[in-house]
Amino acid sequence: MTNVHLDPYDHAFHENPYPYYKALRDHDPVYYNEERRLWLLTKWDDVRMAFRDFKTFRSEGGVALDDSSGGAFPFPMFITSDPPDHTRQRQIFAPLMTPEKVAGLEGYTRERAVSLIAPSLKTGRLDFVADLGAFLPMDVVSTLVGVPPSDQDKVRGWADDLIFREDKQSQVSNRNVTGYMELAKYFDAHINHHRAAGGYEDRGLLRALINAEQQAVMSHSEAIGTCILLAIAGNETTTKLIGNMAYHLWKNPDQRQLLLDKPDLLEKAIEEVLRLDGSSQIIGRMVAKDIEIRGKTIKAGSRVGLCIISANRDEDKFPNPDKFDIARGSRDHMAFGFGLHSCLGAALARMEIRVVFEELLRRIPHYEIEEAGLKMAHSPNVRGFTNVPAYF
Ligand code: HEM
């Protein structure tokens, strides 16, 4: 036992969380933060077990690390539900999010990526997050649920308002609630409009939502909640992963050169950045019954954080875990979670990142990052930069 202290809201911790996680894995792997009344699991085996044991580690009321929303978000999102409610809703969308299905969005993704990169080719400057990552994933998700390009800017704006966090903010703000309510109003009207119009512009996901509603498999509130969930789940994590990938390729010039020499390694390189520095940091759960882990008892009703990015650097699982090795080829990371709630957008996110880096590295293989301009997001949930400015 040691006196390692980890506060997931602490800005110093966000700057570089890995030494804190290592200290916990070495000395206090099942850690309790009294002030936050939060348990943290940091070892790969324990995080895996918790993802798998959904009867003990419940998602209802538990995915966030604190319960500060006070009922401000009335439309149910299935990420915060458990079977059978979760199963009923997830199975509507899972068949539409396979690699084969998301391949249909590749053309649009590539077009959008190329047009976002184009202005930088004239200036010789590109912020991987602010100029590129911040736009692309949200526009792709919007397209997925049938939001036309003319509405994408405002939908992105509301989604940004919903997830925006001031420095040190741990409670939900007015801006967050307003963003949420605007999204809800928009998707309410969007679903109603397309239900009345029929055709649904052949968007698979929107049609599935409307069918599910009409067959009473899903309520209208749940359909609205699902649209909001897709907008936020698919947005910030993908945005940040683009920045993390650009950063690690620059920080490890030998690995970047290897990728330039062997472009076939791109998919493995993406898995490696997901493992080494994935963008989903901690996912919460509520414990339904007392459970003992490594000699400590976590009581029913406790909140637990599953520290994904710590598990993905567990030295008992991954040899030389701090090394960025694009040929490692391990897919045993949990960057997309694991089990019942594992990321529904994983295939989409992988496709988006691949397309972005195919287009980027073809045009700007030897970019330099301005280290002084790097800015880290301060969030207990998401890991990554808000700014990754580069020149070339
Ligand atoms: C790099 C990008 C992404 C990362 C790191 C990521 C990470 C995750 C993680 C860790 C979970 C598990 C949550 C839990 O166990 O409670 C999750 C769930 C989910 N993700 Fe992603 N995600 C990404 C991109 C996306 C995209 C692009 C979409 C959709 C458009 C998406 C939609 C979802 C949904 C709907 C869930 C809930 C699944 C369920 O509860 O059954 N994600 N994601």
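Which residues in H6 meet which residues in H17? I began my notebook with this contact.

**Basis.** I number residues from 1 along each chain as its sequence is written. I worked on a predicted model, in which local features need pLDDT of at least 70, side-chain atom pairs count only at pLDDT 80 or more, and totals for chains, interfaces and linings use all residues. I take helices (H or I, at least four residues) and strands (E, at least two) as DSSP runs, numbered from the N terminus.

**Entry on H6 and H17.** I found Glu106, Thr109, Arg110, Ala113, Val114, Ile117 and Leu121 of H6 meeting Met351, Glu352, Val355, Val356, Glu359, Leu360 and Arg363 of H17; contact requires C-beta atoms, placed from the backbone, within 7 Å. By class I recorded 8 nonpolar, 1 polar and 5 charged residues in this contact. Ala, Val, Leu, Ile, Met, Phe, Trp, Tyr, Cys and Pro count as nonpolar, Asp, Glu, Lys and Arg as charged, and the others, Gly among them, as polar. The axes of H6 (residues 106-123) and H17 come within 9 Å and cross at roughly 35 degrees; they are lines fitted to C-alpha atoms over the stretch in contact, with angles from 0 to 180 degrees between N-to-C directions.

**Entry on H10 and H12.** I next looked up H10 (residues 174-197) and H12 (residues 220-233), whose axes come within 9 Å and cross at roughly 120 degrees. From H10, Tyr180, Leu183, Ala184, Phe187, Asp188 and Ile191 meet Ala223, Ile224, Cys227, Ile228 and Ala231 in H12. I noted 10 nonpolar residues, no polar ones and 1 charged residue in this contact.

**Entry on the ligand.** I listed 27 residues around the ligand, of which Gly234, Thr237, Gly337, Cys343 and Gly345 come nearest; a residue is near if its C-beta atom, placed from the backbone, lies within 6 Å. H8 (136-144), H12, H13 (236-251) and H17 (346-363) each supply at least two residues of this shell. The shell divides into 16 nonpolar, 10 polar and 1 charged.

**Entry on the sheet.** I traced an open sheet of 3 strands in the order S4-S12-S9, with antiparallel pairing; strands pair if DSSP finds at least two bridges between them. S4 (125-127) and S9 (368-369) stand at the edges with a single partner strand each, so one side of each has no neighbour in the sheet. I found 2 bridges joining S9 to S12 (residues 389-391). Isoleucine 369 has alanine 390 in S12 as its bridge partner.

Methods. Two residues are in contact if their C-beta atoms, placed from the backbone, lie within 7 Å.
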